[in-house]
Amino acid sequence: MTLNLIKLSVGSESIDSLAGWQQERLRNNGRLWHATRMTPRRREELLDGGSIYWVIKGYVQARQRVIGFDQVLQGAEGEERRTTLLLLDPELVAVEPRRHRPFQGWRYLQTEDAPRDLGRGPEGGEDLPPEMLAELRDLGLL
């Protein structure tokens, strides 16, 4: 059964700003990851088509497929600690914006609770600001 993660994208102003720093990491390192101290115990379910959903400016706005895991040591010599890298597909997929309160770390997100991918075309609303799109959806206008 597929499982997802949800995580705040601290410092990102938009999907474009998240994509920008990720592209820089990809250019510099040859792969894309998110480092986390806590190792997901449900790795097999995440690798079964799961994604990480990014909360940007208080709204779930995008997702990326989780494609693998790696373990590395980070920190100064003698104070190193094991860190898990969530290896990510470079493609960011816009999702229907949904408000989300702040939280620390990451959380599991069941597939049935995850926002749908944002539709394309005039009715998809991909050109609207996420706050307006979420409000229109809450009102049942989209």
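The chain contains 3 helices and 7 strands in this predicted model. Read from the N terminus, the order of elements is β-α-β-α-β-β-β-β-β-α. Of the 142 residues in the chain, 38% are buried. The accessible surface amounts to about 8,500 Å², and carbon and sulfur atoms account for 48% of this area. Among contacts with a separation of 6 or more, 66% are between residues 24 or more positions apart.

Strand S5, which spans residues 81–88, is mostly covered, with 6 of its 8 residues buried. Strand S5 pairs with strand S2 (residues 33–36) in an antiparallel arrangement through 4 bridges. Within this pairing, Trp 33 has Leu 87 of S5 as its bridge partner. Strand S4 (residues 59–74) also runs antiparallel to S5, and 8 bridges join the two. Here Thr 84 in S5 stands opposite Gln 71. S4 and S5 form a hairpin with 6 residues between the strands, in which Gly 75 adopts a positive phi near 115°.

Thr 83 is located in strand S5. With a relative accessible area of 5%, Thr 83 is buried, because the limit for burial is 20%. The side chain of Thr 83 forms a polar contact with that of Gln 74, at 3.3 Å. When residues up to four places away in sequence are not counted, Thr 83 touches Ala 35, Thr 36, Asp 70, Gln 71, Val 72 and Gln 74.

In soluble globular proteins, nonpolar side chains tend to be buried together. The largest nonpolar core in the model comprises 14 residues, and the members with the most contacts inside it are Leu 5, Leu 18, Ile 52, Trp 54, Leu 86, Leu 88 and Leu 92. Two or more residues of this core come from each of strand S1 (3–8), strand S3 (51–56), S4 and S5. The greatest contribution is that of S3, with 3 residues. Apart from neighbours within four places in sequence, Leu 5 is in contact with Leu 46, Ser 51, Ile 52, Tyr 53, Leu 86, Trp 106, Arg 107, Tyr 108 and Leu 109.

Helix H1 (residues 15–29) is 15 residues long and spans 21 Å between its first and last C-alpha, close to the 21 Å expected at 1.5 Å a residue. At the start of H1, the backbone nitrogen of Asp 16 lies within 3.3 Å of a side-chain oxygen of Ser 14. Gly 30, with a positive phi near 80°, follows the helix. A positive phi is also found in a residue other than glycine, Lys 57, where the value is near 55°. Lys 57 belongs to the loop between S3 and S4 and is partly exposed, at 47% relative accessibility.

Asp 117 occupies the loop between strand S7 (106–110) and H3. Its relative accessibility of 36% places Asp 117 in the partly exposed class. The side chain of Asp 117 makes a polar contact of 2.8 Å with the side chain of Arg 63. Residues up to four places away in sequence aside, Asp 117 touches Arg 63, Val 93, Ala 94, Val 95 and Glu 96. The C-alpha atoms of Asp 117 and Ala 62 are 8.2 Å apart, although 55 residues separate the two in sequence.

Ala 134 is part of helix H3 (residues 130–138) and is buried, at 2% relative accessibility. Beyond neighbours within four places in sequence, Ala 134 is in contact with Tyr 59 and Pro 97. Ala 134 and Tyr 59 are 75 residues apart in sequence, with a C-alpha to C-alpha distance of 8.4 Å.

Conventions. Residues are numbered from 1 along each chain as its sequence is written. This is a predicted model: local features need pLDDT of at least 70, side-chain atom pairs count only at pLDDT 80 or more; totals for chains, interfaces and linings use all residues. Side-chain values use heavy atoms; hydrogens and water are left out. Buried means under 20% relative accessible area, exposed over 50%, partly exposed in between (1.4 Å probe, protein chains only). Two strands pair if DSSP finds at least two bridges between them. A nonpolar core is a set of buried Ala, Val, Leu, Ile, Met, Phe, Trp, Tyr and Cys residues joined through side-chain atoms within 4.5 Å. Contact means heavy atoms within 4.5 Å. The expected span of a helix is 1.5 Å times one less than its number of residues. A polar contact is a pair of N or O atoms within 3.5 Å; within protein, one must be able to donate a hydrogen and the other to accept it, and residues adjacent in sequence count only if both atoms are side-chain atoms. Accessible areas come from the Shrake-Rupley method with a 1.4 Å probe; for residues, only the protein chains shown count as cover.
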